[in-house]
Amino acid sequence: RLYPGGEAAAHILGYMGEVTEDEVGLIKEMGQKYDVGDRIGRGGIESEYENLLRGQDGGELVEVDINGTLVRQLGVTQPVSGRDVMVSIDMNLQRTAYEAFKEKNLKGAAVVMIPDTGEILALVSSPSYDPGMFSEQYSILSTREDLPLFNRAIGGVYPPGSTFKMVTTAAAIESGKVPAGFTYEDQGVVRVGEYAYYNWFSGKEGLIGFSRAITRSTDTFFYEVGGDTGPDEIADWARTFGDGEKTGIDLAGEVAGLMPDPQWKEEVKDESWFLGDTYIMAIGQGDILATP
């Protein structure tokens with residue numbers, strides 16, 4: 001294999017590794033013929049489309065005498081090349097995204113997607129590794145604390161933060177719990193008893209509606225909207241958008257994330273749900289988890 005994308009595309013493409021003795025019998029059940037020492041795709045496209053990429057080995061059946069000297073050729077099987085797999089990645093975007101992380105030595109992930117089709121134009125996890133040098137570097141890569149082998153883009157889960165405010169908006173308006181023309185006089189803080197919930201920028205917006213609240217990402221506005229809408233309604237709409245489920249991307253290692261609600265908190269944490277939980281949920285924080 002040649003990997004011209006190098007580190008930039010490692011988590012998409014995967015790498016090749018040797019088939020072990022323990023794997024031989026299991027893998028043959030897939031219809032492929034593998035022997036100990038053969039190479040097989042691991043991770044990424046290499047693993048997902050191994051059955052297309054591999055092809056078939058050639059072979060020669062011969063008769064030899066007791067000294068191992070060739071007597072005659074009994075048959076020849078020509079090798080069959082594997083098929084090509086075309087991906088949707090734009091390598092200019094892919095390299096640009098990866099270099100943005102590498103230049104600052106950052107851990108993280110970036111995904112560039114066409115929403116209408118689901119095509120992935122760039123998918124980066126940082127730090128990364130060179131798949132062309134994987135075998136030589138494995139002992140080092142596998143013990144590094146910054147986990148370069150971990151695909152953070154599909155295997156890491158994080159609170160979605162303010163991107164979730166679009167879900168809260170949809171839930172509020174579509175459910176009819178909050179009218180589209182709703183306005184709120186922002187004072188920079190919402191108080192519930194002894195608890196105070198502030199804007200992320202600790203400022204006041206004055207009179208605002210959905211458009212400006214989304215533009216400015218005004219937390220207090222969404223605290224109010226979330227409280228009026230309710231956690232179950234927000235959670236239901238979030239699941240409608242796919243939160244808490246896998247996307248079905250054709251890469252191994254994807255996880256589903258988490259979309260909590262009052263029932264989940266009661267069952268998992270053995271705790272009651274409070275208004276403050278709804279406020280935090282409405283701005284995409286707390287127990288909500290999603291892959292990039």
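Is Gln 94 buried or exposed? Gln 94 counts as buried, at 0% relative accessibility. By buried I mean under 20% relative accessible area, with exposed over 50% and partly exposed in between, using a 1.4 Å probe and protein chains only. And helices here are DSSP runs of H or I with at least four residues, strands are runs of E with at least two, and both are numbered from the N terminus.

So what is Gln 94 in contact with, leaving aside its neighbours within four places in sequence? The list is Ala 8, Ala 9, Ile 12, Ile 89, Leu 121, Ala 122, Leu 123 and Val 124. Contact, by the way, means heavy atoms within 4.5 Å.

Before I go on, a word about what you're looking at. This is a predicted model, where local features need pLDDT of at least 70, side-chain atom pairs count only at pLDDT 80 or more, and totals for chains, interfaces and linings use all residues. Residues are numbered from 1 along each chain as its sequence is written, and side-chain values use heavy atoms, with hydrogens and water left out.

How confident is the predictor? pLDDT is its confidence in each residue, from 0 to 100. The protein averages 92, and 99% of the residues score at least 70. Confidence is lowest in helix α2, residues 21–28, at a mean of 75, and highest in helix α8, residues 165–174, at 98.

OK, on to the core. A nonpolar core here is a set of buried Ala, Val, Leu, Ile, Met, Phe, Trp, Tyr and Cys residues joined through side-chain atoms within 4.5 Å. The largest one has 15 residues, and those with the most contacts inside it are Val 178, Phe 182, Phe 210, Phe 221, Tyr 223 and Val 225. Helices α9 (210–216) and α10 (219–229) each supply at least two residues of this core. The largest share, four residues, comes from α10.

So let's stay with α10. Eight of its eleven residues are buried, so α10 is largely enclosed by the rest of the structure. The buried ones are Asp 219, Thr 220, Phe 221, Phe 222, Tyr 223, Val 225, Gly 226 and Thr 229. Take Tyr 223: leaving aside neighbours within four places in sequence, Tyr 223 is in contact with Val 190, Tyr 197, Tyr 198, Tyr 279 and Ile 283. Just after the helix, Gly 230 takes a positive phi of about 95°.

What about the loop leading in? Thr 218 lies between α9 and α10, and Thr 218 is buried too, at 0% relative accessibility. Not counting residues up to four places away in sequence, Thr 218 touches Lys 165, Asp 186, Asn 199, Glu 205, Ile 208, Arg 212 and Ala 213.

Now, the rings. Phe, Tyr and Trp rings (the six-membered one for Trp) pair if their centres lie within 6.5 Å; planes under 30 degrees apart are stacked, over 60 edge-to-face, and the rest tilted. By this rule the count comes to twelve aromatic pairs. Phe 221 and Phe 222 are one of them: the ring centres are 5.2 Å apart and the planes are at 75°, so the pair is edge-to-face. Phe 221 is buried at 0%, and Phe 222 is buried at 0%. Elsewhere, Tyr 15, Tyr 129, Phe 134 and Tyr 138 form one aromatic cluster.

Next, a hairpin. Strands pair if DSSP finds at least two bridges between them. Strand β8 (residues 189–192) and strand β9 (residues 195–198) run antiparallel, joined by four bridges. Val 192 has Tyr 195 in β9 as its bridge partner. Two residues sit between the strands, and Gly 193 in the turn has a positive phi of about 60°.

The buried residues of α13 are Gly 276, Thr 278, Tyr 279, Met 281 and Ala 282. They pack against α8, β8, β9, α10 and α11 (231–240). Just after α13, Gly 284 takes a positive phi of about 80°.

Last, let's go to the outside. Pro 4 is in the segment before α1 (10–13), and counts as exposed, at 74% relative accessibility. Pro 4 and Pro 131 are 127 residues apart in sequence and 9.8 Å apart in space, C-alpha to C-alpha. Pro 115, in the loop between β5 (108–113) and β6 (120–126), is exposed as well, at 69%.

Conventions: pLDDT is the predictor's confidence in each residue, from 0 to 100.
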